[in-house]
Amino acid sequence: MANLERAPRKSFNDLIYDLIFKNYVWQSIFRTGYPNTPRNQMLAVATNVFLHLHPTRIHRTHVKITHTYCLGGLSFFMFLGLTVTGVLLMFYYVPSIERAYQDIQELEANVRFGQLLRNMHRWMAHAMIILVLLHMMRVFYTGAYKPPREFNWVVGVVLFILTLLLSFTGYLLPWDQLAFWAITVGTTMVGSAPVLGDESKFLLLGGFSVGPNALIRFYTLHVIGLPLVISIFMAVHFWRVRRDGGLARPL
Amino acid sequence: MVSRAAAAIRTRPRREREAEVLVWPDLVFIEFISALIFSIALMVLSAMVNAPLLNRADPDTTPNPSKAPWYFLNLQELLLHMEPAWAGVIVPTIALVLLAAIPYWDRDTEGQGVWFGTKFAGRLTVFGFTAATLITSLLIIWDGSLHVVWTENVIRGLGLNSDFTWPGGLDWFRNLRGFDTGIPWDSLGFTIGGFTMFEDWRAIPLGIPGTTTDPWLLNLNFPSFLSQQIIPVATMVGLPVLFVLFCKGLGWIHSRRDIALLIFSAFIGVYLTTTIVGTAFRGQGQDLKPPWDIVVLEE
């Protein structure tokens with residue numbers, strides 16, 4: 001009888017658990033424990049700075065993978081990954097035509113995981129374009145652009161253009177033959193615009209052909225100008241998803 | 001504006017709590033797993049495939065073929081078939097504006113939130129995509145004069161005529177430029193009140209002098225005006241119209257949503273075809289070639 005009144009003895013696992021999660025430092029970071037009850041789980045989403053973009057509850061059909069394939073979220077995840085790898089790449093890269101190519105060579109040869117870093121940045125950029133395109137197709141084929149979500153579709157088209165521009169401006173930076181001639185071909189197309197073609201091309205390149213001015217312009221746009229603009233549009237995009245009532249669903 | 005937003009809210013159903021799940025853990029878990037899968041997949045890809053790095057940029061050495069980044073190769077492909085101003089700027093601008101305008105044109109709230117929400121959506125998508133892919137491929141093959149090469153090879157190969165060449169009378173059918181050279185435009189010209197077609201065509205003042213180095217908005221030089229502008233634009237406008245009329249005839253179209261489905265799917269087909277052809281099937285001098293025959297020369 002006495003056994004029932006005594007608290008059960010702590011197992012080894014419990015001891016480890018308490019050691020990690022029930023100490024002063026951990027609890028100063030995560031103010032509550034693991035949210036076990038529905039109420040706490042909603043609070044965990046609503047009060048967490050990273051999670052509060054989400055609503056606290058969503059419709060059952062929206063967690064089905066085949067409804068969204070996570071494409072929008074993954075596009076955003078690529079943007080985050082590109083930001084992280086991009087910042088790391090900036091440590092090793094100087095945007096001058098004397099140094100740019102050499103910096104990339106040295107990054108690949110001398111920096112630990114430098115080649116991997118550059119590969120990650122490039123493949124993530126390609127992946128982001130493909131994911132954004134697929135996300136657009138998903139939204140179209142599920143009819144999710146219909147009222148009241150018209151404007152968010154427009155914001156999405158702008159985000160698609162900005163994604164292409166981000167990738168295009170980054171393409172020049174290695175300053176190799178591939179980069180140089182791809183940008184030459186691309187900006188020549190801009191130059192063929194009626195009325196303001198030559199002016200736009202001059203503005204973009206800072207000259208009549210791809211050179212030092214073009215490199216610094218593309219670099220600045222790539223690492224700060226366009227990321228700032230796309231961040232603003234993404235903020236609006238995500239905000240409007242919530243404001244317009246979450247994901248579209250049949251009436 | 002207020003009334004429209006209010007109407008949209010009014011039509012939204014009441015929240016069914018029992019049909020809802022909690023974001024933590026259900027959604028957060030999915031997001032975490034998909035992010036993890038992509039991180040690992042990209043890490044593995046990056047460990048196996050290196051990002052390309054060619055020789056240092058050299059303005060004096062032009063690679064042949066020179067290509068834009070792959071996501072602009074659809075536009076570079078268009079460049080081969082029409083006036084650069086159309087291919088590089090006007091067509092993509094119009095395409096993006098039309099894309100953004102879809103929800104302002106198709107405002108019906110029926111069929112949202114489900115994949116392919118109308119009765120014939122599946123057929124329209126498959127038809128739009130397949131037909132557009134096929135027609136675009138055929139147009140590219142035709143403008144690349146592959147039908148000329150193939151016809152000559154087949155007739156020679158069958159031994160029907162070992163010296164067979166494409167008949168001069170069919171020169172206008174070689175490719176788009178064939179319309180310029182294969183038709184005797186000079187003998188077809190006429191004069192109205194001192195205005196001689198087609199020589200005086202360029203005298204039509206269409207442009208804003210001083211805005212560009214070339215005072216012409218677009219090149220009005222006949223007959224290239226016909227082959228580089230009239231025919232491509234008529235094709236880009238006419239084919240979608242034909243698509244819609246055809247599907248209407250089949251009884252597949254009952255709403256604007258159906259038209260949007262058809263045209264968007266066709267757009268995706270064209271977008272993919274031109275991107276793939278531009279990336280993998282264009283060799284030196286932008287000639288059509290199978291991918292394994294493409295070599296980049298530096299000149």
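Residues are numbered from 1 along each chain as its sequence is written, and chains are lettered from A in the order in which they are written. Because the model is predicted, local features need pLDDT of at least 70 and side-chain atom pairs count only at pLDDT 80 or more, while totals for chains, interfaces and linings use all residues.

**View 1. The side of chain A that touches chain B.** In this view 78 residues of chain A are in contact with 74 residues of chain B, two residues being in contact if their C-beta atoms, placed from the backbone, lie within 7 Å. The largest share of this side of chain A, 13 residues, is supplied by H8(A), where helices (H or I, at least four residues) and strands (E, at least two) are DSSP runs numbered from the N terminus. Sorted by class, the side of chain A that touches chain B holds 52 nonpolar, 16 polar and ten charged residues; here Ala, Val, Leu, Ile, Met, Phe, Trp, Tyr, Cys and Pro count as nonpolar, Asp, Glu, Lys and Arg as charged, and the others, Gly among them, as polar.

View 2. Strand E1 (57–59) of chain A is joined by three bridges to strand E1 (residues 20–22) of chain B, and the two run antiparallel; strands pair if DSSP finds at least two bridges between them. Within this pair, His59(A) stands opposite Glu20(B).

**View 3. The largest nonpolar core and Trp175(A).** The largest nonpolar core has 79 residues, and those with the most contacts inside it include Met78(A), Leu172(A) and Trp175(A); such a core is a set of buried Ala, Val, Leu, Ile, Met, Phe, Trp, Tyr and Cys residues joined through C-beta atoms within 7 Å. Trp175(A) lies in the loop between H9 and H10 of chain A and has a positive phi of about 55° although it is not a glycine. Trp175(A) is buried because 24 other C-beta atoms lie within 10 Å, the cut-offs being 20 or more for buried, 12 or fewer for exposed, and partly exposed in between, with C-beta atoms placed from the backbone.

**View 4. Two cis peptide bonds.** In chain A, a cis peptide bond with omega of about 5° joins Pro147(A) and Pro148(A), and Pro148(A) lies in the loop between H8 and H9. In chain B, the peptide bond from Asn64(B) to Pro65(B) is cis, with omega near 5°.
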